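Please open the model in your viewer and keep the selection panel at hand.

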Amino acid sequence: MPVDRITEPALERYSVCFDHSCTTVVTDALSQAEWDMATQPLKNPSSTAAEERLAIARVIAIFEEIVGRHTGTYRDMGRNLRGFGQPGQLDCIDESTNTTTYLRLLERGGLLHHHRVLERSTRFGLFIGMPHTTAVIEDTGTGDRYAVDSWFRDNGQPPYITKLELWKAGGEPQNE
């Protein structure tokens, strides 16, 4: 029986989803040393929201590496087809859920100065393919919303971050 997802993640206890659409949910924790290493890019507050988004991308990649070693998701390959059916593979539901968890940890840790974490968003596939879900942050200065999409790339690679409206229109890394 899968573990329930933890809705208020903490360094000592948060949930991680994998095996497509959160089929497997495990509870994980970060040591203080792992937290310090993962959050290093955000230790000195960025002077702009754009700089903070770049730092967020680096932090999410580091989280994926650390959590991947804990959970076996280090084998995750970008998108769905290359790693389909492999243990520890993540689809967009898993990726967006986990990325949102990592972002909430950063927010609770007081490391986001230009953004706040929102609920995930889904684009639907009438003209742009299958439905697809992403984590979302909002620039607190402008109100602009950004997709933080780690699904496109292999485990430990920085997520694709773009304005949510571009993402909803079918945006993906090679199109920019």
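Two strands are taken as paired if DSSP finds at least two bridges between them, and the strands (E, at least two residues) and helices (H or I, at least four) are DSSP runs numbered from the N terminus. This is a predicted model, in which local features need pLDDT of at least 70 and side-chain atom pairs count only at pLDDT 80 or more, while totals for chains, interfaces and linings use all residues. Residues are numbered from 1 along each chain as its sequence is written, and side-chain values use heavy atoms, with hydrogens and water left out.

Select strand 3 together with strand 4 (residues 132-139), which pair in the antiparallel sense over seven bridges; here Arg116 stands opposite Glu138 in strand 4. Next, widen the view to the open sheet of four strands, whose order is 3-4-5-6 with antiparallel pairing. Strand 3 (115-123) and strand 6 (160-163) stand at the edges with a single partner strand each, so one side of each is left without a neighbour in the sheet.

Finally, select Cys17 and Cys22, which a disulfide joins with an S to S distance of 2.4 Å, the criterion being a pair of cysteine sulfur atoms within 2.5 Å. The torsion about their S-S bond is about 95°, so the disulfide is right-handed.
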